[in-house]
Amino acid sequence: INYSEYKLGSVPAYKILYSEGEKDSKLNYLQVFAIKDNVGYIITYTASAKIFNQYLIEAEEIISSYRLT
């Protein structure tokens, strides 16, 4: 598990990277957690370990485009 502080727009959040499974069935996850006005938000990108990095930049761009209003 790897985590860091993050901003979802102007809202403080946490970004977590982790994986689960074994060999051919291994999945990688990128999740962003935020709370605004007592409502929790979770945004998740999931892919097999084989292609996770291939789409990671696009997933991060999509996640960073979210704004909690």
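Start by selecting Asn28: this residue counts as buried, because its relative accessibility is 16% (buried means under 20% relative accessible area, exposed over 50%, partly exposed in between, with a 1.4 Å probe and protein chains only). You're looking at a predicted model, where local features need pLDDT of at least 70, side-chain atom pairs count only at pLDDT 80 or more, and totals for chains, interfaces and linings use all residues. Residues are numbered from 1 along each chain as its sequence is written, and side-chain values use heavy atoms, leaving out hydrogens and water.

Asn28 sits in strand β3, residues 27-36 (strands are DSSP runs of E, at least two residues, numbered from the N terminus). Leaving aside neighbours within four places in sequence, its contacts include Tyr18, Tyr45 and Phe52 (contact means heavy atoms within 4.5 Å).

Next, look for ring pairs. How many aromatic pairs does a search of the whole structure find? There are two (ring centres of Phe, Tyr or the six-membered ring of Trp within 6.5 Å; planes under 30 degrees apart are stacked, over 60 edge-to-face, the rest tilted). Select Tyr18 and Tyr29: this pair is stacked, 4.7 Å centre to centre with 15 degrees between the planes. Tyr18 belongs to β2 (residues 11-20) and Tyr29 to β3, so the pair ties together parts 11 residues apart in sequence. Tyr18 is partly exposed at 27%, while Tyr29 is buried at 12%.

Now pick Tyr45 and Phe52, also stacked, at 4.8 Å and 25 degrees. Tyr45 is buried at 13%, and so is Phe52 at 4%.

Last stop: Ile1, in the segment before β1. Ile1 is exposed, with a relative accessible area of 86%.

Conventions
Helices (H or I, at least four residues) and strands (E, at least two) are DSSP runs, numbered from the N terminus.
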